[in-house]
Amino acid sequence: MLIYEYKLDGTKQQYAAIDEAIRIVQFIRNKCLRLWMDTRGISKNDLQCYCAVLAKDFPFASRLNSQARQASASRAWFAVARFYDNCKNHKPGKKGYPKFQHDNRSVEYKQTGWKLEANGKHITFTDGCDIGRLRLVGNPGQKIEAFPLERLKRVRIVRRADGYYCQFGVQATREIVHQPSSRQVGIDLGLKSFLTDSEGHTVANPRLWRKAEKRLKRLHRRLSRTQKQSQNRKKARKHVANGYLKVQRQREDFARKTANALVTSSDLIAYEDLKIRNMVRNRHLAKSIADAGWGNFLRWVKYYGGLHAIPVIAIEPDFTSQDCSTCSTRVKKSLSLRTHICPTCGLVLDRDENAARNILAKALEGTLGHRETHEQVS
Ligand SMILES: [Zn+2]
C-alpha cells in the first residue's frame, strides 16, 4: 500500500463536520471496546455486526458512512488483537490492555462515501456528515487521479496541529530495480555519530530535538503565562503544537532520507537489534537516545530494504562493541572510550567502526539464528 497525502482546504463549517466525523469514529471504537470488555468470547465479526446496532440506536452515528463505521470497529478489534498477541507471545512487561480513546484524530473511509474529481483537485465526501467538497493541496508531482479508482483502497482524513490532511491508500507496488553495488555493510547506531558503517563512513547526528528544545521551552513559557480560556492561550497552544509538529517532520525526513541512501548504496545491511526501550530507561543517556530516533530509522531501512529486495538482517547485540573485528579478542571498554585498541593483533580502529564490522561478520556467519526482516511502513 502506498500513501499519497494532500492537505485539505475547506471552510470552518467543513472542518467542524470533519471533527464531528472523527468524534463518531471514536464513539464507535469505544462502544465496541466496551462491548468486548463486558462480553466474553466476542469475535471480530460480532463487533462488525454491532456497528449496525449502534447506527440504529444512535442516529448521529448513522450519519457516518457505513464502511467508515466498520473501519472504526476494526480499529477496536485491532487493539484487542494486539493485546491477545502480546499475551500469547508472553511479551515481557505490560501487555497493552486496550484503552478507551480520547484523542482520536482521524476518520477512515474505504471505497465509498467519497468522490474524487477527474482532475484530482477536489474530493467530495458524500455521507451524512456533510463534509462536502474540499480542495486537495499537494505536490503537483503526485497524481492521485492517475490511479484507477479500484486501486484506491482507503481515504483517511487526519487532523494535525496545522490543519487537515487527506491520505489516499493506493494498492500498488513500487517497482524499484536495485542497482547492485557489491557492498555489504554492517551498521552501528550511536550517539557520537548517528550511524557508522563497516567501511568507516559516518552520518552525523542531527540532534534535531535538542536544537528545537530551546524554542519549544520558550513557547511553553509563553503558554503558561497566558490566562486560562483566553484567545491568547488558544493561540499560544497552537504555536506549541506546531513547534512539535515541525520537529517531528524534520526527524521523519532525516530518518527516511538516510535510510533510503543506505539501502540504495548497499546489497546487504546488517544491524544490531537494539532494545531501545530498555536503553531509554538509562536516565543519563535517555534524552540523546530518544533524540537519535534509531527505531524510526530502522523501520525505514526495513521498508526500503523490502522495496529494493535486499536482505536486511538483525543480529542479537552481543559484545559487538567489545570484541576485536580482526581476531575476536574481547577488549573491555567503557562507553567513553572511543577507540578500539587490540592488544593481541594490534588493530586500532574507531570504536563504532569496529562494532559495525562485527555486526556484518555476525550477519554473514548466519549461524546465530539470524532473521530477515522486511516491514511495511504506512
Ligand atoms: Zn585483535
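Pro 311 lies in the loop between α8 (294-308) and β12 (312-315). Helices (H or I, at least four residues) and strands (E, at least two) are DSSP runs, numbered from the N terminus. The structure is a predicted model, in which local features need pLDDT of at least 70 and side-chain atom pairs count only at pLDDT 80 or more, while totals for chains, interfaces and linings use all residues. Residues are numbered from 1 along each chain as its sequence is written.

Pro 311 has 16 C-beta neighbours inside 10 Å and therefore counts as partly exposed. The scale behind this word is as follows: a residue is buried if 20 or more other C-beta atoms lie within 10 Å of its own, exposed if 12 or fewer, and partly exposed in between, with C-beta atoms placed from the backbone. Between the C-alpha atoms of Pro 311 and Leu 298 the separation is 13 Å, and the two are 13 residues apart along the chain. Ala 309 is found in that loop between α8 and β12 as well. Its phi is positive, about 55 degrees, although Ala 309 is not a glycine.

**The chain as a whole**

The protein chain has 9 helices and 15 strands. Its C-alpha atoms fill a box of roughly 80 × 50 × 50 Å, taken along the principal axes. Of the 378 residues in the protein chain, 27% are buried. Two residues are in contact if their C-beta atoms, placed from the backbone, lie within 7 Å. Among contacts in the protein chain with a separation of 6 or more, 67% join residues 24 or more positions apart.

The chain is divided into domain 1 (2-170) and domain 2 (184-206 + 255-371); these bounds come from an automatic or database domain assignment. The C-alpha centres of domain 1 and domain 2 lie 38 Å apart.

**Nonpolar cores**

A nonpolar core is a set of buried Ala, Val, Leu, Ile, Met, Phe, Trp, Tyr and Cys residues joined through C-beta atoms within 7 Å. The largest one here has 37 residues, and those with the most contacts inside it are Ala 21, Ile 28, Cys 32, Ala 73, Ala 76 and Cys 166. Helix α1 (residues 12-38) gives the most to this core, namely 9 residues. Apart from this core lies another, of 30 residues, with Leu 262, Tyr 303, Ala 356 and Ala 363 among them. In soluble globular proteins, nonpolar side chains tend to be buried together.

Ala 76 touches Arg 29, Cys 32, Leu 33, Trp 36 and Leu 47, when residues up to four places away in sequence are not counted.

**A pair of helices**

Helix α4 (residues 208-225) packs against helix α5 (residues 231-264) at an angle of about 175 degrees, and their axes are 9 Å apart. Axes are lines fitted to C-alpha atoms, for helices over the stretch in contact, and angles run from 0 to 180 degrees between N-to-C directions. Helices α4 and α5 are therefore roughly antiparallel to each other, a term for angles over 145 degrees, whereas those under 35 count as roughly parallel, 65 to 115 as roughly perpendicular and the rest as oblique. On the α4 side the contact includes Leu 208, Trp 209 and Leu 223, and on the α5 side it includes Arg 233, Tyr 244 and Phe 254. By class, the contact of α4 with α5 has 11 nonpolar, 4 polar and 5 charged residues. Here Ala, Val, Leu, Ile, Met, Phe, Trp, Tyr, Cys and Pro count as nonpolar, Asp, Glu, Lys and Arg as charged, and the others, Gly among them, as polar.

**Single residues**

Tyr 109 is found in strand β2 (residues 106-109). Leaving aside neighbours within four places in sequence, Tyr 109 is in contact with Asn 65, Gln 67, Ala 68, Trp 114, Arg 154 and Val 155.

Gly 10 is placed in the loop between β1 (2-9) and α1.

Ser 182, in the loop between β7 (163-170) and β8 (184-189), has a positive phi of about 50 degrees although it is not a glycine.

| Residue | C-beta atoms within 10 Å | Class |
|---|---|---|
| Tyr 109 | 23 other C-beta atoms | buried |
| Gly 10 | 17 other C-beta atoms | partly exposed |
| Ala 309 | 10 C-beta neighbours | exposed |
| Ser 182 | 7 C-beta neighbours | exposed |
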